[in-house]
Amino acid sequence: MFRTFRGGHSGGWRVTSISPVTGEPLPFMPALSVTDSEAVSLPLVPSRNAWRLVGVASSLRYTERPEKQQLVAVQAGLGRIEATSAALIPIRKSQAWWKLTQEERRRIFEDRSHHIASSLRFLPAIARQLYHCRDLGGPFDFLTWFEYAPADAALFEELVAMLRRTEEWTYVEREVDVRVVKEVLSA
């Protein structure tokens, strides 16, 4: 199942900001739609009126069984009613990262950066899902999607700041931070 994030002029999420963290930005669009489908139409090229990022939820690549069990025990699912704030953070890592072996990347990801261990304290307030897109020909390797209640916005900022200080993030060559709020239709 493919998940498509489309920045455009309509969608279920209103864009509040699009900030380049590292590298080239994405064009500002006022809305974001998030859809799932069994197929994706190509090409995935941005235009002046919209952009589209597509990824797929995949197996956990750097997570060991005890870590997975800890995550499953405390993580919240996406789509909670109170989670009306969200962030889409697309990331592309450097060639140096991809030249490392799986084991070398694991050591950086968890043994030295403590990505999972340090992130556990932010759950279940912040729900997250990682979508892989490196092999789909798009401009990013990963699309990270986070949902949280507005009351947990400061906690989310703390999580993102912590992750950006890790050794793992020294391999990020492009990162864009897209913040959105859920559009609520009035009756």
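Predicted model: local features only at pLDDT ≥ 70, side-chain atom pairs only at ≥ 80, totals over all residues.
Helix 5 comprises the 12 residues 153-164. The buried residues of helix 5 are Phe156, Leu159, Val160, Met162 and Leu163. An α-helix has 3.6 residues a turn, so residues three or four places apart point the same way. The buried residues of helix 5 are covered by several elements, including strand 5 (85-93) and helix 4 (115-119). Strand 7 (142-148) and strand 8 (172-182) are also among the covering elements.

The whole structure holds 7 aromatic pairs. In one of them, the ring centres of tyrosine 148 and phenylalanine 156 are 4.7 Å apart. Their planes meet at 15°. Planes under 30 degrees apart count as stacked, so this pair is stacked. Both partners are buried. Tyrosine 148 has a relative accessible area of 4%, under the 20% cut-off for burial. For phenylalanine 156 the relative accessibility is 0%.

Further ring contacts involve other residues. Phe5, Trp13, Tyr131 and Trp145 form one aromatic cluster. A charge is also placed over a ring: the charged end of lysine 93 sits over tryptophan 97, 3.7 Å from the ring centre.

Note on methods
Residues numbered from 1 in each chain as written. Heavy atoms only, no water. Helix = DSSP H or I, 4+ residues; strand = E, 2+ residues; numbered from the N terminus. Expected span 1.5 Å × (residues − 1). Buried < 20%, exposed > 50% of the residue type's maximum accessible area, 1.4 Å probe, protein only. Contact = heavy atoms within 4.5 Å. Phe/Tyr/Trp six-rings, centres within 6.5 Å; stacked < 30°, edge-to-face > 60°. Lys NZ or Arg CZ within 6 Å of the ring centre and 35° of its normal.
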